[in-house]
Amino acid sequence: MERPLETVAEIGAGTGHGTAVLLGLGAPVTCVEPDARMAAVLRARHPSVTVVVAPFERWVPPPSGVSLLGCAMAWHWLDPATRAQRAFDAIAPGGTLAVFGHRYAYADPAHEAAIDAAFRSVRDDGVQLRPDA
């Protein structure tokens with residue numbers, strides 16, 4: 001059984017382009033954005049979100065964590081020594097980290113081939129082309 005999505009937080013939300021995707025999930029969204037000017041644009045663009053003006057490293061997540069922690073195009077700005085642990089600590093048990101809008105390399109060539117095959121098996125509209133790919 002799938003766990004319901006109760007809370008979403010976005011780190012490095014900027015002016016809200018990725019926020020639009022997360023709002024489509026139907027859960028309340030909190031955006032963490034360190035730049036006050038970008039946060040002002042974000043608030044105007046998406047008045048339903050809660051905006052916290054702070055860097056991710058200073059943001060205090062809810063005690064029970066968030067169902068989904070998203071990051072679109074800002075993951076590389078976070079401290080690589082602490083970002084994974086901070087993300088883990090912010091996510092509720094059974095929750096998800098969704099980093100999107102980036103291109104990554106993989107240390108394991110077999111893993112990279114499997115991920116590439118999965119992406120090639122889905123059309124632009126999200127329909128799977130071949131279940132065995």
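Where does Gly-65 lie? In this predicted model, Gly-65 sits in the loop that runs between β3 and β4 (66-72). With a relative accessible area of 9%, Gly-65 comes in under the 20% cut-off, so it counts as buried. Its contacts, leaving aside residues up to four places away in sequence, are Thr-7, Ala-90, Ile-91 and Ala-92. For one of these, Ala-90, the C-alpha atom is 5.0 Å from that of Gly-65, although 25 residues separate the two along the chain.

On to the sheet. Strands pair through backbone hydrogen bonds, in either a parallel or an antiparallel fashion. Here the sheet is an open one of 5 strands, ordered β3-β2-β1-β4-β5, and the pairing is parallel. β3 and β5 (91-100) are the edge strands, each with pairing on one side only. Going from one strand to the next, the twist averages 20 degrees. Strand β1 (residues 8-11) is joined to β4 by 3 bridges, and the two run parallel. Within this pairing, Ala-9 has Leu-69 of β4 as its bridge partner.

A polar atom of the His-46 side chain lies 3.0 Å from the backbone oxygen of Gly-16. Gly-16 also turns up in the contact list of His-46, together with Thr-19, Ala-20 and Leu-23, again without residues up to four places away in sequence.

As for helix α4 (residues 109-120), its 12 residues reach 16 Å from first C-alpha to last, close to the 16 Å expected at 1.5 Å a residue. At the start of α4, Asp-108 brings a side-chain oxygen to within 2.9 Å of the backbone nitrogen of Ala-110.

A disulfide is a covalent bond between the sulfur atoms of two cysteines. With a cut-off of 2.5 Å between cysteine sulfur atoms, the count of disulfides comes to 0.

Technical notes. Residues are numbered from 1 along each chain as its sequence is written. This is a predicted model: local features need pLDDT of at least 70, side-chain atom pairs count only at pLDDT 80 or more; totals for chains, interfaces and linings use all residues. Side-chain values use heavy atoms; hydrogens and water are left out. Helices (H or I, at least four residues) and strands (E, at least two) are DSSP runs, numbered from the N terminus. The expected span of a helix is 1.5 Å times one less than its number of residues. A polar contact is a pair of N or O atoms within 3.5 Å; within protein, one must be able to donate a hydrogen and the other to accept it, and residues adjacent in sequence count only if both atoms are side-chain atoms. Contact means heavy atoms within 4.5 Å. Buried means under 20% relative accessible area, exposed over 50%, partly exposed in between (1.4 Å probe, protein chains only). Two strands pair if DSSP finds at least two bridges between them. Axes are lines fitted to C-alpha atoms, for helices over the stretch in contact, and angles run from 0 to 180 degrees between N-to-C directions.
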